Amino acid sequence: MSSKRPTKNHIYTHETHAVNNETGEVISSSKETIIQFPAEPEYIKLYLDDINRLYDLPNNSILYELMKRMDYDGLINISKYGKDMICEKLNLKPQTFANYLGKLKDKDIILPVGRGTFMPNHLLFGFLTWIDIYNR
C-alpha cells in the first residue's frame, strides 16, 4: 500500500458549441467542468476496541457512547445532560469521563470544534462519503 496520496484535484473542462451549418453561426454553447477526486484509499474495518488498544485508551464503552451521539453533520454534541447520561449509563464519575474525553482530544481521536461539540477524526472514522472526507 502506497503512503502517498494525490493532494490536488484534476479539473477538466469540456466545451460544446452548436453551430448553424449553413451560416457557421454559433447558436449555443455549453461548458462542463469535471472535477476528479483521487480514488478512495485502501482501508480495513477497524472496531472501537481496536482503536482503544492502538491508542492505549481505557473502556471502549465511552467511545461507543460518544460515537452513537454523532449527528448527520458528523458532529458529536455533548451537553452537561448528555455527559450525565453517559456517566449514569456506564456507572462513571464525571471526572473519569472528563479525563477520558481529554485523552481522546490529546490523541486527536476527536477534535473540538466548539464548546461541547466534537468532530471525530476523519482519518479514523469514515462517516461521510469519500469526497466529503477528502475535502475535509
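## The nonpolar core

Which residues of the largest nonpolar core touch the most other members? In this predicted model, that core holds 21 residues, and those that touch the most other members are Leu 63, Leu 66, Met 67, Ile 76, Phe 97, Leu 104 and Ile 109. The elements that give two or more residues to this core are the helices α1 (48–54), α2 (60–68), α3 (80–90) and α4 (94–106).

For Ile 109, the contacts can be listed in detail once its neighbours within four places in sequence are set aside: Ile 109 is then in contact with Ile 51, Tyr 55, Leu 57, Leu 63 and Leu 104, and also with Met 119, Pro 120, Asn 121, Leu 124 and Phe 125.

## The three-stranded sheet

Three strands form an open sheet in the order β3-β5-β4, with antiparallel pairing. Because β3 and β4 stand at the edges and each has a single partner strand, one side of each is left without a neighbour in the sheet. Strand β3 (residues 76–77) is joined to β5 by two bridges, and here Asn 77 stands opposite Thr 117 of β5. Strand β4 (residues 110–114) pairs with β5 over four bridges, and within this pairing Pro 112 has Phe 118 as its bridge partner.

β4 and β5 also form a hairpin with two residues between them, and in the turn Gly 116 has a positive phi of about 75°.

## The two faces of β5

In a regular strand the side chains alternate between the two faces of the sheet. In β5 (residues 117–120), Thr 117 and Met 119 point one way while Phe 118 and Pro 120 point the other way, and all are buried. Two of these residues, Met 119 and Pro 120, are among the contacts of Ile 109. Helix α4, for its part, lies across β4 and β5 and runs at about 100° to β4.

Within α3, the residues Gly 82, Ile 86 and Cys 87 are buried. They lie on the same side of α3, because they cover an arc of only 135° around the axis. An α-helix has 3.6 residues a turn, so residues three or four places apart point the same way. Lys 80, Tyr 81 and Glu 88, by contrast, are exposed on the other side of α3.

Just after α3, Asn 91 takes a positive phi of about 55°.

Methods
Residues numbered from 1 in each chain as written. Predicted model: local features only at pLDDT ≥ 70, side-chain atom pairs only at ≥ 80, totals over all residues. Heavy atoms only, no water. Buried < 20%, exposed > 50% of the residue type's maximum accessible area, 1.4 Å probe, protein only. Pairing = 2+ DSSP bridges. Core = buried A, V, L, I, M, F, W, Y, C linked by side-chain atoms within 4.5 Å. Contact = heavy atoms within 4.5 Å. Arc of directions from axis to C-beta. Axes fitted to C-alpha atoms, helices over the stretch in contact; angles between N-to-C directions.
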